[in-house]
Amino acid sequence: MHSDNMRKNIKILSLFLFFGITILLIMAGIKGKVGETLLYQSSDVKNIEISGPFESSGSTSRYALTEAIVEDKTIILNEQRAKFASPDVAEYNGKYFTLFTPGVSFIGVPFYFIGKILKIPQILTFLSSSIFAIINMGLIIYLGRKFGLGFYASLLSGFLFLFATNALSYSFTFTQHQASTMIILLGTLNALGKRNSVNNIIYGLLYGIGLFIDIPNGLMMLPQVIYILLRHFEIKWGSEKLRLKFSLNYTTILVGLIPILILFGLYNYFLTNSFTQIAQAVGRTEDFSAQAEFVSDSLTQKEFSGYTLETRGLINGLPILLVSNQRGLFYYNSVVVFGLISYILFYRKNHKKIWLLLIFSIVIVNILTYSMHLDPYGGWAFGPRYLIPATALLSIGIGKFFQQNKSFLYYLIPLVICFYGVGVNVLGAMTSTQVPPKVEAVMLLKETPYTYVYNWQLLGEGKISSLLYNALYANKISPEIYVYTYFYICILVVLTLFILIRNERRILYE
Amino acid sequence: MNSIIPEIHFSISISKIENIKKWLDKYMVIILVVILSVISMFFFDHFLKNGMGLAYNDARSHLDIGRRVVEGLKPGLAQIGSVWLPLPHFLMIPTVWVNSLWHSGFSGAIQSMISFVLVGVIIYQYLKKIKVGLFGRLFAVFVFISNLNILYLQSTAMTELLLLATMTGGAYFLMLWFKENKLLDLIKASFCIMLSTLVRYDGWFLFLFSIGLIAYYVLNKKGYKEAEGAVILFATLGGFGIFLWFLWNTLIYGEPLYFIFGPFSAYAQQAQLKEAGELFTQGNLWLSIKAYIYAVFYNTYTINVYLGLIGAILFWKDKKVKKPIKIASLTLFAPLIFNVSALYLGHSVLFVKGVKVDTWFNVRYGLLLMPTIAIFIGYLVDKAKDFRWIIFGITLFITIFATMSKDVATIEDALIGSSGKNVSEVSGWLKENVEEEPGFVLISVASHDAIIFSSGLPMKKFIHEGTGKYWKEATENPQEWASWIVMRTNDVNDMTFKDLADTNWENYYNLVDHYPFADIYELKPEFKASVQTQAVLANNK
């Protein structure tokens with residue numbers, strides 16, 4: 001009894017320690033430039049050079065909207081902001097607005113507001129993504145526990161998701177990836193939960209917010225919608241009759257969904273004079289294509305506007321997003337392999353099959369949706385940024401793999417793969433997300449690698465994106481030492497968790 | 001809050017469910033025939049109305065070949081020619097004499113439409129015989145019939161669906177024979193394969209491949225004598241079509257291998273491509289495989305290939321499936337082996353976007369694996385149990401997006417690829433200026449059959465290579481027979497230009513229009529009075 005209490009206390013302490021380290025690591029990765037830290041906080045002049053927070057229009061376009069809402073109480077971008085947001089800007093009837101759905105920008109509003117008071121609006125606004133990233137890690141840990149993973153095994157799942165996949169890079173950008181992942185994880189939790197009106201209304205809200213953040217979330221959440229629908233059916237095979245019951249409670253999803261859809265419709269109407277025409281459908285404006293003062297490497301990216309999905313894209317899209325050295329899931333986020341293996345182990349043992357089916361469905365829809373996308377690369381990006389939701393769902397099971405009763409030698413290669421994942425993704429997070437796809441890299445005047453070799457090159461040139469490093473350590477240690485230290489701390493956490501998992505299993509068997 | 005929300009209740013007795021199951025099992029083939037027939041007719045009508053029904057120039061040529069058997073200056077069976085194998089054109093004969101059926105393309109499409117229904121039923125039956133459940137069987141049929149390329153090719157006068165029906169039928173009966181060893185099944189298989197040998201040369205490969213499988217299986221199981229008997233029995237009927245084709249070529253052209261080495265053969269076409277450096281798959285196995293697999297991807301939306309592959313692996317690993325059935329199932333892969341081999345050996349040409357070129361030609365060849373893919377997906381769904389709904393979802397998801405993005409490679413192949421040269425300008429000119437006027441048009445069908453079809457003029461208005469004395473007379477003294485000449489000037493591959501080379505035809509004709517694919521010449525007014533405008537030649541042989 002005494003030892004049980006002690007174990008419990010140790011676990012609570014470990015949890016605090018774990019989240020403390022995670023938060024510190026995330027803080028240490030937040031983007032900012034030496035000598036220019038404040039430059040990013042002004043609404044007048046902004047530096048969009050590579051490895052800074054504004055290196056990608058994926059972030060600037062959303063940030064411009066947040067800034068416009070707080071500063072000018074409008075969702076229309078003035079010319080200066082439109083230039084800043086370009087090329088992801090649309091124009092309709094003389095009004096400029098962000099090409100993206102506004103969810104991320106709306107979420108950023110309170111952060112910006114507080115940041116404005118503290119005179120660091122950019123840092124606080126971008127912090128929303130970092131907070132979502134930590135929440136996602138927490139959700140993965142929670143889902144892992146629900147799946148039956150051990151305490152430390154689930155912590156490992158969460159940690160590897162955040163630090164051994166490209167989710168880390170996108171914890172420091174003002175983009176949709178972490179927010180979408182959070183909504184999808186919450187939706188999964190909700191779908192697996194008890195079906196009552198409250199949960200259905202919450203699910204409706206989540207679905208609506210998901211659409212508000214990024215339209216493809218609507219597709220990725222479809223398996224949840226179908227699963228929830230099926231759960232409203234009750235089939236009873238009697239000896240003489242088959243009884244089927246369908247609860248119209250399902251329709252309460254609409255109660256949560258409709259208000260968000262109305263809000264979305266009004267947003268669209270204000271911009272495009274149509275409730276259903278989204279900014280992507282208007283397409284990019286060419287007005288700022290030759291703005292020399294804002295041209296950076298990131299602006300040479302050639303993303304396609306809109307959400308055109310073509311089955312023909314699967315021919316190249318699948319290999320690009322799964323195995324290529326440019327954006328391959330298994331190349332950048334190789335740790336998910338252990339999640340997959342674990343799910344197969346679960347499946348064979350008939351353990352939580354329905355959960356597995358739901359998770360697999362979402363992962364498959366995520367992969368298929370973006371493989372059909374005309375630009376599966378996601379423009380200039382680091383790793384398969386579109387597959388971060390799938391990465392999160394696959395990560396849940398990782399801990400299970402390390403929980404098996406196997407020798408240390410068995411885990412040698414898996415651990416090396418984990419270290420590789422941490423190394424690659426720390427490198428990406430500490431430098432830049434702006435890696436060109438091969439098709440564009442070969443066209444550039446300056447020879448530019450199209451894999452994480454480019455990030456390695458940037459690090460060698462001293463282009464490190466960490467605000468902490470640039471503000472405090474730039475004159476004391478080299479960028480490499482900072483990144484190595486970051487890497488070693490992550491490795492230490494992984495190894496510690498690995499040892500704790502083995503210890504936990506030993507205690508369990510004893 | 002839950003209690004105030006109503007619920008819908010429904011109940012049905014178990015015995016009723018059992019009866020429905022039995023009824024479905026008993027009548028499913030009939031139900032399928034009805035449903036597939038309706039779908040088939042709907043899509044024929046759809047493509048006819050949107051003007052895509054005869055997008056392939058080859059489709060128009062096929063229809064013209066059939067039409068020439070029953071109408072023209074020299075009608076008769078000899079008009080079947082040697083460019084293509086004869087069965088599709090023979091099947092047109094009962095309907096092609098009706099103008100509306102000829103020009104709507106229905107004469108050529110009807111066999112594709114019937115074949116579409118047949119393949120659907122064969123897929124269903126194939127899976128039933130290997131003990132796949134109702135859901136798996138129906139799902140496989142759905143995968144097949146929801147493919148837009150299949151739906152398009154079943155609506156047009158091309159030969160793919162007929163080939164699929166005969167080949168898949170052959171594979172089905174061969175599997176039955178391997179499974180149950182009933183002689184009748186072997187005869188049925190050889191009959192189907194014999195028909196396929198009269199549709200496309202893919203059938204010839206299937207014939208030889210099947211002989212190999214039969215010989216291997218029976219030799220190992222029952223010894224030489226039995227193997228010899230089985231092979232002879234199979235080959236006698238299965239090879240009869242090939243024998244007839246050799247005979248036909250000997251009788252009509254005086255040379256059994258005329259279809260291989262004749263001036264309009266695929267061999268001659270490939271030789272030209274080779275000279276132009278466009279036969280890039282020849283001698284390159286990797287490129288041959290890549291080109292064909294890409295063609296399959298384009299035709300089947302990629303993901304189905306992966307699902308089919310997983311199904312095939314599971315099928316091969318399944319210990320419950322007997323070895324003979326596994327051996328027989330290899331026939332389903334005959335199109336893959338044949339096409340890759342043909343590309344490698346330079347006997348076939350395939351242009352697929354993304355493989356060396358940025359255009360299309362013959363991309364529809366990739367569709368020949370569709371029944372194979374459907375069968376193995378059906379098997380996969382049956383075995384996947386819990387995962388079957390995910391596979392169902394994936395397929396539905398892909399089908400919806402394929403439809404939304406109008407992903408029909410075969411239509412693109414027809415319209416913008418090398419198959420789709422736009423002949424409407426020339427045919428439009430003919431329709432406008434020749435229809436009401438007396439007189440003949442001198443033209444080569446080998447080069448311009450699509451123009452003849454698209455002009456909408458009756459076949460007897462044209463003097464072509466197949467019109468015997470008319471052609472001979474008109475190419476010697478064109479001014480006495482042809483009021484118009486349509487040809488590619490200075491192109492010796494155009495038979496009209498080639499045969500007119502020794503005459504002074506330029507003195508009698510004015511160039512009235514010049515188009516990318518042909519020039520139109522009209523007899524000068526001063527010679528019009530003496531030109532022949534009636535079909536006056538008797539004993540035209």
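This is a predicted model: local features need pLDDT of at least 70, side-chain atom pairs count only at pLDDT 80 or more; totals for chains, interfaces and linings use all residues.

Colleague: OK. How many helices and strands does chain A have?

Modeller: Chain A has 23 helices and 4 strands, counted as DSSP runs numbered from the N terminus (helices are H or I with at least four residues, strands E with at least two). Its radius of gyration is 23 Å, close to the 24 Å from the globule rule for 510 residues, so chain A is as compact as a globular protein of that length. That radius is taken over C-alpha atoms, and the rule is 2.2 Å times the number of residues to the power 0.38.

Colleague: And chain B, how many helices and strands there?

Modeller: Chain B comes to 26 helices and 6 strands. The C-alpha box along the principal axes is roughly 95 × 75 × 45 Å for chain B, and roughly 70 × 60 × 50 Å for chain A.

Colleague: How much of each chain is buried?

Modeller: In chain A, 60% of the 510 residues are buried, and in chain B 55% of the 541 are. Buried is under 20% relative accessible area, exposed is over 50%, and partly exposed is in between (1.4 Å probe, protein chains only).

Colleague: Buried or exposed?

Modeller: A:T311 counts as buried because its relative accessible area is 0%.

Colleague: What does A:T311 touch, then?

Modeller: Leaving out residues up to four places away in sequence, A:T311 touches A:M372 plus a set in chain B, including B:Y301, B:I398, B:F401 and B:D407. Contact here means heavy atoms within 4.5 Å. The side chains of A:T311 and B:D407 also make a polar contact of 2.6 Å. For that term, you need a pair of N or O atoms within 3.5 Å; within protein, one must be able to donate a hydrogen and the other to accept it, and residues adjacent in sequence count only if both atoms are side-chain atoms.

Colleague: Nice. What about B:S329, which helix is that in?

Modeller: B:S329 is in helix α17 (residues 323-329) of chain B, and at 0% relative accessibility B:S329 is buried. A polar atom of its side chain lies 2.6 Å from the backbone oxygen of B:K326. Beyond its neighbours within four places in sequence, B:S329 is in contact with B:Y126, B:F315, B:W316 and B:F376.

Colleague: Last one, B:K472: buried or exposed?

Modeller: B:K472 is exposed, with a relative accessible area of 51%. B:K472 is found in helix α24 (residues 469-476) of chain B. From B:K472 to B:D499 is 27 residues in sequence and 9.0 Å in space, C-alpha to C-alpha.

Terms used. Residues are numbered from 1 along each chain as its sequence is written. Chains are lettered from A and ligands numbered from 1 in the order in which they are written. Side-chain values use heavy atoms; hydrogens and water are left out.
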